[in-house]
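Me: I would like to go through the secondary structure packing of this chain. Could we take the sheet and then the helix pairs?

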Amino acid sequence: MESILRASGLKKYYGTGETQVRALDGVDLEIERGTFTAIIGASGSGKSTLLNILGGLDIPTEGIVQIGGTELASLDREQAAIFRRKQIGFVFQNYNLIPVLTVWENIVFPLSLDGQKPDQAFIMRVAKLLGLEDKLDSLPNCLSGGQQQRAAIARALASKPAIILADEPTGNLDSRTSDDVMGLLQMSSREFHQTIVMITHNPDIAQRADRIVRIEDGKIAA
């Protein structure tokens, strides 16, 4: 299968000398297109740092990240912001919905920043699959936590990105709603051939992915 993401020799160090923290200490990772990968590790293992660097939200001390053949380090700040909006969908633990916008407006907001016209038929299909078709005119504070996370997933899918990066997407949800959200991520991967990389500390959640990568002390464990 074709690789959509390649990371090579990633290091992220904070501080110097005896107080230096090696959040990432030489990570090599390859993600195949259309797969669902879980990166699992304890708190402080480096998994959040890795996800932020893969998404271009942070810069490595050393190493390179390529998404779809584009090396993130080759982009200036403005180019990187545009690339992230078009090629990377983010799903965060705290949803990050804009409270004064409706669900529909939240979903299409990243597209509007680039002047892109939403594919309304595709977004309605996504909304229906996620059980949001009757919530599109609602504000986020009218939704349950699970519904807000579904809206965040729909927003991530709307631009048809090369890859979705999910940061503990079930962290604020109860076990039943977590199970629903994981089912929706699995369905998104299958239905839309969407590449998903998710970090979690929960082994049971990770089991729902196609592949599990374990990170310990800033390194990929054997």
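This is a predicted model: local features need pLDDT of at least 70, side-chain atom pairs count only at pLDDT 80 or more; totals for chains, interfaces and linings use all residues.

Me: Noted. What is the strand order in the open sheet?
Reply: The order is β2-β1-β4-β5, four strands with antiparallel pairing.

Me: And which strands stand at the edges?
Reply: Those are β2, residues 21–32, and β5, residues 70–71. Each has a single partner strand, so one side of each is left without a neighbour in the sheet.

Me: How many bridges join β1 and β2?
Reply: Nine bridges, in the antiparallel sense, with β1 covering residues 3–14.

Me: Is α1 mostly covered or mostly open?
Reply: Mostly covered, with six of its eight residues buried. The buried residues are Lys47, Thr49, Leu50, Leu51, Ile53 and Leu54. Just after the helix, Gly56 has a positive phi of about 75 degrees.

Me: Changing topic: at what angle do α5 and α6 pack?
Reply: At about 20 degrees, the axes being 10 Å apart. That angle makes α5, residues 145–158, roughly parallel to α6, residues 175–192. Their crossing is right-handed.

Me: Which residues make that contact?
Reply: From α5 they are Gly146, Gln149, Arg150, Ile153 and Leu157. From α6 they are Thr177, Asp180, Val181, Leu184, Leu185, Ser188 and Phe192. By class, this contact has six nonpolar, four polar and two charged residues.

Me: Now the other pair. How do the axes of α3 and α4 cross?
Reply: Helix α3, residues 103–113, and helix α4, residues 120–129, cross at roughly 135 degrees, and their axes come within 12 Å. The two are therefore oblique to each other. The crossing is right-handed.

Me: What residues are involved there?
Reply: Trp104, Ile107, Val108 and Leu111 of α3 meet Gln120, Ile123 and Met124 of α4.

Me: How do those residues divide by class?
Reply: Six are nonpolar, one is polar and none is charged.

Note on methods:
Residues are numbered from 1 along each chain as its sequence is written. Side-chain values use heavy atoms; hydrogens and water are left out. Two strands pair if DSSP finds at least two bridges between them. Axes are lines fitted to C-alpha atoms, for helices over the stretch in contact, and angles run from 0 to 180 degrees between N-to-C directions. Angles under 35 degrees count as roughly parallel, over 145 as roughly antiparallel, 65 to 115 as roughly perpendicular and the rest as oblique. A crossing is left-handed if the near helix is turned anticlockwise from the far one by less than a right angle, and right-handed if clockwise. Contact means heavy atoms within 4.5 Å. Ala, Val, Leu, Ile, Met, Phe, Trp, Tyr, Cys and Pro count as nonpolar, Asp, Glu, Lys and Arg as charged, and the others, Gly among them, as polar. Buried means under 20% relative accessible area, exposed over 50%, partly exposed in between (1.4 Å probe, protein chains only).
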